[in-house]
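Thank you all for making time this morning.

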Amino acid sequence: MQKSARANIHRKKRFTIGLISENSANELENRMRVGVIKAAQKHNVNLICFTHLEAFTHNTVFYGYEAEQYQISHDVLQQLIDEFEIDGLLFLGWSLLFEGERFTRFKRKYAHIPILSLGKHFPETPSVLFVGDEYIEQLLVHLIEGHQYRKIAFLEHWYPDSRGDVYKQTMKKYGLYDPDLFIGAADLEGIDIKDRPSRALSLLLDQRKVTFEAIMTMKSEEGRLLLAALRERGIRVPEDIAVTTYEDDLSTQYSNPTMTTIEFPFEQIGFAGCEKMVELLTQGSIPIRTQVPGRLIIRRSCGCLLEMEQALDLDEVPGTGAATASGPFSACREEQQLEEAFFDSLNTGSAALLNRLEACMSRQVRDPDFVQRWITGMRERYAPYNQGDLAQVVRFENLCHAARIVGAEMEKAWLVQDTLAGRRIDMKLEAFGQALLNTFHLPEILDLLETNLDMLQIPGCSIFLMTEGRARFDHCRKIYEYADHVRHSSGEYIHTRSYYREYLQRRDDSCVLVVSLLHVEKNILGFISFEAGPPDGVLYLRLAILLSNALMSTLSVDKLTEEIRLRKEKERQLHVYANFDMLTGLRNRRSFYDLIERLDESVAFHVLYLDVDGFKAANDTLGHNIGDQLLAQIADRVRTVLKGWTIQSPGEDQVGEAWSEDRGAAIFRIGGDEFAALLKIVDDQARDRLIHKLIDNIRQPYWIQGNRLTLGCSIGVSSYPADSPDRKQVLQYADIAMYRAKKNGGSSFKNFDHYMLRETVERIEWINDLRLALERGEFRLVYQPQVESTTRAIKGVEALIRWRHPVKGNVSPNVFIPLAEETGLIGQIGEWVLREACRQLKLWRQAGMPACSMAVNLSVKQFEDDQLVEKIEAILQENGLDPSLLELEITENIAMEEHQLDTLQRLRRLGISISVDDFGTQYSSLSYLKRFPVTKLKLDRSFVRGIQSDPKDREMIKAIISVAKLFDLEVLAEGVETLEEADYLVQQGCTLLQGYYFYRPMEPDQVFALF
């Protein structure tokens, strides 16, 4: 376990966590950063992402950087971390910033704050990582056992690592290892990545003269290049040779054939890492190593899906095969429109082709041959004229590829469209960079930046330059500030720490800032702080690089030495993260409020609010992976049933067109397992039929990874403006109605009524009073004696809690116990009851009262406490009590939980008695009586009441007492109120009795008087 040095420090209003991301333009780092941001937002902590940290040029060889090239970044980074008052620091362990001795220096520099590595394990440093070696073995086992391949070649990464060792060990285990099939890093040393696959094939086939059935490569890009190299040799994949790769990205998903690979959980690593850091800061310790699982993705390239996919060969020679176009290509108006859209997308980077193709496919029969014929015609007609412009050729082929995918698999259209449309934002950034090269004064740069920030949809940013002659950040000049789409006057000198504190004071919730160094190579100019919108680090890095070079030139330091490389990015990703739920594809809570704000006030609508019954239990039991798949399936069912019944989003919604399967449909995932929809106003009967249909649909079984799951849902409905003229209020009213439906048993719906609001207010008041009751000492205990059935001698007492409210008087346990369980307060109240009961037993013993047992109820919440046994043992020791005097009453559902067995056994080893309360009313099972250390069964009062009137209750009592005798257990009947009931129980052999016939609950002094 790793302990935090700050665990006992007074908690600030909100923690600030730092993330060191060397190069946020890297797709893997960006995906991990997305997970960190989501966790930071979930836990309401501030997040500062430090990026653009490389103090070297990008065209340097990747492996073997010198340590001094990084030293300047570490020094500068430490200053920034100190100025932003970071409480905990996350870093990407695989970065060369933390290679070898550099990590030792890094850890020494930040010894005053907790640090956590993402993606790589370091000794004595907490880490969250994905162990890919075991998936190399799984992939090899799949090829060997699943396909019976015996000759499998391996192309090692460009530097040696443990994956090559795993390959060798696995192949040796099966007796299949052949050193000639292993292409090591040394075999291809100095070879460019684009040439490595073809050179590897040449080594295997031409020089070593070996044959093989499959080949595995480490990089997705090498996998794509390997497919092309095999195709050039006339080798088919997977018919002749199977190909797999270690990395998964879009190039493997849409290669031809699609690639069998390994899914890397980068986003999950980031999310778990941030959660572990919050846990370390709040609780003081976490496991030293946390592993996040990945999974194999089986696709066509290994041979698994060979007969299941229709191969559409993009590289087929034009004019051959069944796909050849016949007749004049432009004769058909549909094809003419496609052709016009094609050249619009080719020349401008727009999504016109995909929009037209989707419209076309919605009218045509789903016929991939139609699309293939059209593609072939385009290539025959126009490709020969583009050969002089390489960039035009690439865009031409990309559009053909995209059209083929959309034609064969329409549901992937949004993804392809999003990828192609990214060219537009790329062009804008290129134009911005070109304009910066023509600026010669600082005001010109700042004016140009202001013009482009709105276009790039960045909420705000501030630029700080180091004071001349002082290479430190504790006293910088703020030259630019942009917030809320307005430029504010700047130029004053300010401490970075003061800026950050003032920034936090202006915010009501947590913030995400991207802090990027402004530098060219080792020349540090200052930093720029972006207020992050949707999580895409590429945009911020590009702007930082562009501004660094422009400022370097403007401030007369050094001229730009090489042209800045701009990478492609997805134009709409900012919108998607802001307005859509990544798991389900539905709109999110933010989109809900944005939509009702944009609706015309005259538009009336119903708000449907849905909560899934039983989801938490399934998620906790089966894991979050299955829980996520379950939520996605539920969202699909909600979308299917409500499609066509929701109001439409007013105006053009580019986000919906890019992401949602049903453009404009007002269906939302509000959070967790809660969904909402804005329904058109229809008559009550039609609306109720729709809701019943939705409930029935949700109730149908789900099959996920071999698990059959059945869930229900509770739905609340409110109406605007009928229930409230405040459009935001109607969601709260629907939530209140949903809670009432859930309270009534679930799998139903309720329409909002204003009496529910009054009940909700009363319920909130009860909860608030309950939270204060412990502090105010309003709880007390009374004790009901338990007597021996034949002698009527008192053998023990049961501690019963009572609440005297200062205004409402005595409150029944039937009122406040369910509220305590629902709010989680039952754990604190239960611990107080245990302490008070033991304290009272101690006082009785000191006053000379004979020994008697004390029975105390334990809640499910208390059993979730890992320290339960230690707490009980400490309480007994504090009061000097023999553990045999304490009896803990548990419910049947606790007794049947397999993971509670160890806790119960430890309690019994202390000498504490265990009784099962209300036995026979829930999930009675003879097996748990045999296996679990139970000492007593308590007959529920419902059976006792039926002794005189219901023969079935009498038979049930006989059966339970017989079972108890079989297992040598005592039986206590509670709720005994008449002599006839007591006599019958004695006749059947019941050993202990409790009830009003003998004694009512008493005050402590009244109990003492009985002895």
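Predicted model: local features only at pLDDT ≥ 70, side-chain atom pairs only at ≥ 80, totals over all residues.

Stepping back into the helix itself, H6 has a set of buried residues, namely Arg196, Pro197, Ala200, Leu201, Ser202, Leu203 and Leu204. What do these buried residues of H6 pack against? They pack against strands E7, E8 and E9, and also against helix H7, which spans residues 220-232.

That brings us to the sheet, which is open and has four strands in the order E8-E7-E9-E10, paired in parallel. Its edge strands, each of which pairs on one side only, are E8, at residues 182-183, and E10, at residues 242-245. Strand E7, covering residues 152-155, is joined to E8 by two bridges in the parallel sense, and within this region Leu155 stands opposite Ile183 of E8. Helix H5, residues 162-173, packs on the sheet and touches E7 and E8, with its direction at about 165 degrees to that of E7.

Let me now turn to another strand, E15, at residues 460-466, where seven of the seven residues are buried, so that the strand is largely enclosed by the rest of the structure. Both of its faces are covered, with Gly460, Ser462, Phe464 and Met466 buried on one side, and Cys461, Ile463 and Leu465 buried on the other. E15 pairs in the antiparallel sense with E16, residues 476-483, over seven bridges, and here Met466 stands opposite Cys476. E15 also pairs with E20, residues 523-531, again antiparallel, over six bridges, and in E20 the bridge partner of Gly460 is Glu531.

Finally, a pair of helices: H29, residues 868-879, and H31, residues 901-909, pack at an angle of about 20 degrees with their axes 10 Å apart, which makes H29 roughly parallel to H31. Their crossing is right-handed. On the H29 side the contact is made by Leu868, Val869, Glu870 and Ile872, and on the H31 side by Thr903, Arg906 and Leu907. By type, the residues of this contact divide into four nonpolar, one polar and two charged.

Methods:
Residues numbered from 1 in each chain as written. Heavy atoms only, no water. Pairing = 2+ DSSP bridges. Contact = heavy atoms within 4.5 Å. Axes fitted to C-alpha atoms, helices over the stretch in contact; angles between N-to-C directions. Parallel < 35°, antiparallel > 145°, perpendicular 65-115°, else oblique. Left-handed = near helix turned anticlockwise from the far one by under 90°. Nonpolar A, V, L, I, M, F, W, Y, C, P; charged D, E, K, R; others polar. Buried < 20%, exposed > 50% of the residue type's maximum accessible area, 1.4 Å probe, protein only.
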